[in-house]
Amino acid sequence: MDSSSPLIQQFRKFESKEIGQQLIDQALLYKADPRIHIHKGMGKRIGCIFLNPSLRTRVSTQLAASNLGVEPIVLNMDKEGWALEMKEGAVMNKGTVEHIKDAAGVLGTFFDILAIRAFPSLTNKEEDMSDFVFSQFVKYSGVPVISLESAIRHPLQSLADQITIQEHSKEIKKPKVVLTWAPHIKAIPHAVANSFAEWTLGMEHDLTITHPQGYELDEKFTTGAKIEYNQSKALEDADFVYVKNWSGFNDYGKIITTDHSWMLTEKHLKNAPNAKVMHCLPVRRNVELSDEILDGPRSLVQKQAENRIYAAQSVISHLI
Ligand code: CP
C-alpha cells in the first residue's frame with residue numbers, strides 16, 4: 001500500500017468516520033479470531049523503532065504483527081542504536097554518530113513497514129508541532145511508517161480507545177465523553193490528549209474537555225469539543241471519562257499547576273453513576289487517578305490495553 005493512501009493518512013490526521021469504523025470493525029474481527037489471517041504477512045517484516053520507553057505499544061505491536069505472520073524486530077534506538085543527528089547539513093563533530101537520513105534509509109531497505117516512537121522535546125514548540133523526528137523517518141525511509149506515538153499524536157492508542165468505547169456503548173446512541181486533565185509530577189506530552197480528542201470528535205461522539213485555566217490544548221485537535229473549566233460540571237452524566245495529564249501548550253511544556261483536587265475519585269463521579277473510566281496507562285496511582293477507580297468496576301484501562309493488539313493488527317493488516 002502506498003503511503004499516501006487514506007488509511008495511512010488517518011494516522012497522520014483523522015480522515016473520516018468511515019475509515020475509523022472500517023479499522024474498528026477489522027480490529028474486532030481480529031479480537032474474535034486473532035490468527036485468522038496468520039498467513040497474510042508471510043515473508044514481511046516490521047521494524048519497531050523506539051526512541052523512548054514503552055510497555056504496551058512495544059508488546060502489542062509485536063503480538064499484532066505475529067498474529068498476521070509478519071516478523072517484528074524491535075530496536076531500542078535510544079539505548080542500542082547510534083546517537084542520531086537530525087539537523088540537515090550538520091558538521092557531526094560532537095556527540096551524534098549517525099545522521100537520520102542514513103539510519104532511516106537503511107531501515108527502509110531492511111523492512112516492509114516501519115513503526116516509530118518519537119516523543120516531543122517539549123522545549124522546541126515549532127519543531128515538535130511539525131512532528132519533526134517522525135517526519136524524518138517518513139521522508140528518508142521510503143516505506144510506510146506507522147506512529148507508535150509521535151510528538152503530537154498517538155493514533156494506535158486512540159484507535160484502541162475508540163474500539164473500547166464502541167464495545168461499551170452498545171445501548172448509547174451518542175455517548176457523552178469527557179476528557180479530564182489530571183495532576184502529574186512531570187511535564188507530559190500532548191499526543192494522547194490530542195489524538196483522543198481528534199478521534200472522539202471524528203467518530204462524532206459528544207466531547208467535553210475539562211482542565212484548569214492555562215492547560216488549553218491546540219485548537220487544531222479540539223475544535224468541536226466543549227471546553228468546561230468546572231470539572232464537576234463537565235463530569236455530569238458522562239458515559240466515558242478519559243483521564244490524562246498534559247503540560248501547557250500555550251506556555252509550552254510547562255507545569256502550570258499540580259492541583260490535587262483534579263485527581264478523579266468516586267466522589268467526583270457522584271453525578272455520573274454510569275461513567276466508565278479510561279486511561280492509556282502507564283498511570284501514576286493516587287496522583288492522576290485513585291486506586292478505588294482503577295481497581296473498581298468503572299475502570300476500562302485493562303480493556304483499552306488489550307485492544308492495543310487489535311488496533312495495531314487492523315492497521316498492519318491494511319498495510320500488507
Ligand atoms: N499507552 C501506551 O502507549 O503505553 P506504553 O507507553 O507503555 O507503550
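Mentor: What follows sets computed values against their definitions. This is a predicted model, in which local features need pLDDT of at least 70, side-chain atom pairs count only at pLDDT 80 or more, and totals for chains, interfaces and linings use all residues. Residues are numbered from 1 along each chain as its sequence is written.

Trainee: Why is Glu-149 called buried?

Mentor: A residue is buried if 20 or more other C-beta atoms, placed from the backbone, lie within 10 Å of its own, exposed if 12 or fewer, and partly exposed in between. Glu-149 has 26 C-beta neighbours inside 10 Å, so it counts as buried.

Trainee: What makes Arg-284 partly exposed?

Mentor: Arg-284 has 15 other C-beta atoms within 10 Å, and therefore counts as partly exposed. The unreviewed UniProt entry lists both Glu-149 and Arg-284 under "binding site", although such annotations may be inferred rather than shown by experiment.

Trainee: How do you know that the span of helix H3 agrees with expectation?

Mentor: Helices are DSSP runs (H or I, at least four residues), numbered from the N terminus. The expected span is 1.5 Å times one less than the number of residues; for the twelve residues of H3 (residues 56–67) that gives 16 Å, and because the end C-alpha atoms are 16 Å apart, the two agree.

Conventions
Helices (H or I, at least four residues) and strands (E, at least two) are DSSP runs, numbered from the N terminus.
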